[in-house]
Amino acid sequence: MKKSDGRLQFRNVVAGCLFSAMTLVLAGCASPTGVEGGSMWWPQAIGWSWLYLATDQGNLEVEAKIEETEEHGDRECFVNEFGDYASREGMLVAVHPASDEAFEIWDQRFWVEVGGLWLEAELRYSDPLTAHISGTLGEPVSDTGEGVAYVGGFPIGGFTASLTSETLETGVELEVQGRSYTDLRRVKFTLESDVQEPATSAGYFGRGVGLVRGEGLWGYGVLELESYQ
């Protein structure tokens, strides 16, 4: 396989994974950041897990969980696993909860198939990408991150990405899988990068709960929270 073929394969996969990996994680507990109320709209703590139903795919179950932390830069990041990473059917995203309404993405890992072989692809950020779940309507917030992309442990080049977070609604009441949620925030995320076309997604977030309903996330049309612990 030529090096250029590997780069093309990687970029094709990133086009489907970069946005879905960076837009959401889920439920939680008290702040691990030392910031009062920190990360309560995307809470992070070891031992938490969430079960979603992909209702556009026959109620396929999709699990997310946090089992470990990693150091990136000078930050403690919580490693969020979406799906089953060990069986190459998921992804890992290292997130630092920067405040009550913002989180930083420092690392993303997923699998690519090249020439019949499965290789781990990674986006290592030197400057993290920050997403916001603010309660201010009509004021989109944009942030740019950059880093180096790896496939099979080898660097294949730098990348940049820009993420715009816009709160569309606040105080939303929603019934999801038989449970009623109140005071949700609906946030739209728009991602632009040098490895894919612009992409948009959205999620309904509950304070102290995290993602309740996702639209266009992780490659699924609709995700609905079934349970969490």
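1. Helices (H or I, at least four residues) and strands (E, at least two) are DSSP runs, numbered from the N terminus. With that in hand, strand β10 (residues 196–206) pairs with β11 in the antiparallel sense, over 5 bridges. Gly 206 has Gly 210 in β11 as its bridge partner. In this hairpin 3 residues sit between the strands, and Gly 208 takes a positive phi near 80 degrees.

2. Some ground rules. This is a predicted model, where local features need pLDDT of at least 70 and side-chain atom pairs count only at pLDDT 80 or more, while totals for chains, interfaces and linings use all residues. Residues are numbered from 1 along each chain as its sequence is written, and side-chain values use heavy atoms, with hydrogens and water left out.

3. Now the overall picture. The protein chain has 1 helix and 12 strands, and reading from the N terminus the order is α-β-β-β-β-β-β-β-β-β-β-β-β. The strands make a closed barrel of 12, running β1-β2-β3-β4-β5-β6-β7-β8-β9-β10-β11-β12 with antiparallel pairing. From one strand to the next, the twist averages 25 degrees (axes are lines fitted to C-alpha atoms, for helices over the stretch in contact, and angles run from 0 to 180 degrees between N-to-C directions).

4. On to burial, where buried means under 20% relative accessible area, exposed over 50%, and partly exposed in between (1.4 Å probe, protein chains only). Of the 229 residues in the protein chain, 50% are buried. The accessible surface comes to about 10100 Å², with 45% of it belonging to carbon and sulfur atoms; areas come from the Shrake-Rupley method with a 1.4 Å probe, and for residues only the protein chains shown count as cover.

5. Which residues touch the most other members of the largest nonpolar core? They are Tyr 52, Trp 218 and Leu 223, in a core of 49 residues. Strand β8 (residues 154–176) gives the most to this core, with 6 residues. A nonpolar core here is a set of buried Ala, Val, Leu, Ile, Met, Phe, Trp, Tyr and Cys residues joined through side-chain atoms within 4.5 Å.

6. Val 172 stands opposite Leu 184 in β9.

7. Back to β11 (residues 210–217), which is mostly covered, with 6 of its 8 residues buried. Gly 216 lies in this strand, but Gly 216 is partly exposed, because its relative accessible area is 32%. Gly 216 and Thr 200 are 16 residues apart in sequence, yet their C-alpha atoms are 7.7 Å apart in space.

8. On its other pairing, β11 is joined by 4 bridges to strand β12 (residues 220–228), again antiparallel. Glu 215 has Val 222 in β12 as its bridge partner. The β11 and β12 hairpin has 2 residues between the strands, and Trp 218 in the turn has a positive phi of about 60 degrees.

9. Salt bridges next: a side-chain nitrogen of Lys or Arg within 4 Å of a carboxyl oxygen of Asp or Glu. By this rule there are 12. One of them links Glu 224 and Arg 213 (3.5 Å, N to O). Glu 224 lies in strand β12 and Arg 213 in strand β11, so the pair ties together parts that are 11 residues apart in sequence. Both Glu 224 and Arg 213 are buried. Salt bridges that share partners join Arg 186, Arg 213, Glu 215 and Glu 224 into one network.

10. Asp 107 meets Arg 109 in a salt bridge (2.9 Å, N to O), and both residues are buried. Arg 124 pairs with Glu 122, the closest N and O atoms being 2.9 Å apart. Is Glu 122 buried or exposed? Glu 122 counts as buried because its relative accessible area is 12%, whereas Arg 124 is partly exposed at 36%.

11. Last, Ser 49 lies in strand β1 (residues 49–54), and is buried, with a relative accessible area of 12%. Leaving aside neighbours within four places in sequence, Ser 49 is in contact (heavy atoms within 4.5 Å) with Glu 63, Ala 64, Lys 65, Tyr 228 and Gln 229.

Note on methods
Pairing = 2+ DSSP bridges.
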